[in-house]
Amino acid sequence: MATLGQQPARFPSEATPQPARRTSKRLVYLLVLLLIVIAGATTLRLAGDTHLRAMGILAKFADHNARGFPARFAEHRFTEEEGLAETPHGPLRFRLYRPQGGGHPGGIVLLHGIHRAGIEEPRLVNFARNLAGAGIEVMTPELQDLADYRVTPRTVDVIGDSAVVLSRKMGLPSAGIVGLSFGGGLALLAASKPEYAGSIGFVVAVGSHDDMNRVARFFAANIVEEPDGSSVAFKAHEYGVLVLAYSHLEDFFSPKDVPAARDAMQKWLWEQPADAMKAAQTMSPAGQQEFDLILHHRDQLQPALFQAIQRHS
């Protein structure tokens, strides 16, 4: 019992917390708070760097001589070099845009579409340089069939081989693919093949097809088939039918006329009309008439075009 004027005795469990323990807890709370702030700042910085790098690429793509705040995030030093690699499907020619200095965000295989300039096409070269300027290693492989205005299964393997070659060059497990026009659709096919899937980290398909038969029918009929089964009339670019016919000249010309038809069609696609008409004059009368239908009266060829699409579906 406590006598009057005396404080009651305290048991150990009722002891007043020591100042040292309170200080220790505060330090723990402060450290946790500091770690949260650092993690948040790092995340924001990484997201900001990515966003600013994208802004820089777009600014430089719009104007290669662009200057200012966004553009400076795509001004990394890089080198350009020609390359040749042996693959299971033959030699692969490519151009490599390689950033200099420290680490970079990986690599991209950049694919051209149907264009005779191939990897020399100015817009493709400019885009590749802008990506490399942002610190990304870029390979532009030569897709010979697309440069010759032909969409073929062989190109799928060339694209897959390109991803394998680039990822090995960088010492990374995979590389991304950015495919433009028909190059994008063929890139999706490459990524779906087991032998390439592990080497392709992602595919960005820009203005590409997901169903070649559907696109071919649009070229032939000037009708867009909507996902819900409805259809909308829409004028297709004339080159679509030309590419269809050029890919399978044997469906439209006699064996004797095929070589001259190929020469004439190629020159027309290359926007050399005078040379195309001169080459067409070496065909038989029937071949010249067919060539004229393909160029100027494609609506009359719809049955033949649909037959060709079905034959090569």
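Helices (H or I, at least four residues) and strands (E, at least two) are DSSP runs, numbered from the N terminus. The model is predicted: local features need pLDDT of at least 70, side-chain atom pairs count only at pLDDT 80 or more, and totals for chains, interfaces and linings use all residues. Residues are numbered from 1 along each chain as its sequence is written, and side-chain values use heavy atoms, with hydrogens and water left out.

T152 lies in the loop between α3 and α4 (153-170). Accessibility was classed as buried (under 20% relative accessible area), exposed (over 50%) or partly exposed (in between), with a 1.4 Å probe and protein chains only. T152 is buried because its relative accessible area is 14%. Its side chain makes a polar contact with the side chain of D145, at 2.5 Å. A polar contact is a pair of N or O atoms within 3.5 Å; within protein, one must be able to donate a hydrogen and the other to accept it, and residues adjacent in sequence count only if both atoms are side-chain atoms. Contact in general means heavy atoms within 4.5 Å. With neighbours within four places in sequence set aside, T152 is in contact with D145 and L186.

Strand β5 (residues 175-180) is mostly covered, with 5 of its 6 residues buried. Two strands pair if DSSP finds at least two bridges between them. β5 pairs with strand β3 (residues 107-111) in the parallel sense, over 4 bridges. Here G179 in β5 is the bridge partner of L111. β5 also runs parallel to strand β6 (residues 200-206), and 6 bridges join them. In this pairing G176 stands opposite F202 in β6.

In soluble globular proteins, nonpolar side chains tend to be buried together. A nonpolar core is a set of buried Ala, Val, Leu, Ile, Met, Phe, Trp, Tyr and Cys residues joined through side-chain atoms within 4.5 Å. The largest such core holds 60 residues. Those that touch the most other members are I159, I177, F219, F253, M265, F291 and I294. F291 touches F253, A264, M265, A276, M277, A280 and M283, not counting residues up to four places away in sequence. Another core, of 12 residues, lies apart from the largest one and includes Y97, A128, L131 and V138.

Side chains of opposite charge can pair when their charged atoms come close. A salt bridge is a side-chain nitrogen of Lys or Arg within 4 Å of a carboxyl oxygen of Asp or Glu. The structure holds 17 salt bridges. One of them joins E142 to R93, with the closest N and O atoms 2.6 Å apart. This pair links distant parts of the chain, 49 residues apart: E142 sits in the loop between β4 (137-141) and α3 (144-147), and R93 in strand β2 (residues 90-99). E142 counts as partly exposed, at 26% relative accessibility. R93 is also partly exposed, at 30%.

R123 and E121 form a salt bridge with closest N and O atoms 3.0 Å apart. R123 is exposed, at 56% relative accessibility, whereas E121 is buried, at 10%. D251 and R311 meet in a salt bridge at 3.2 Å, N to O. These two residues lie 60 apart and link distant parts of the chain: D251 in the loop between α8 (239-247) and α9 (258-269), R311 in helix α12 (residues 302-311). D251 is partly exposed at 25% relative accessibility, and R311 is partly exposed at 49%. Salt bridges that share partners also join E82, R93, R95, E120 and E142 into one network.
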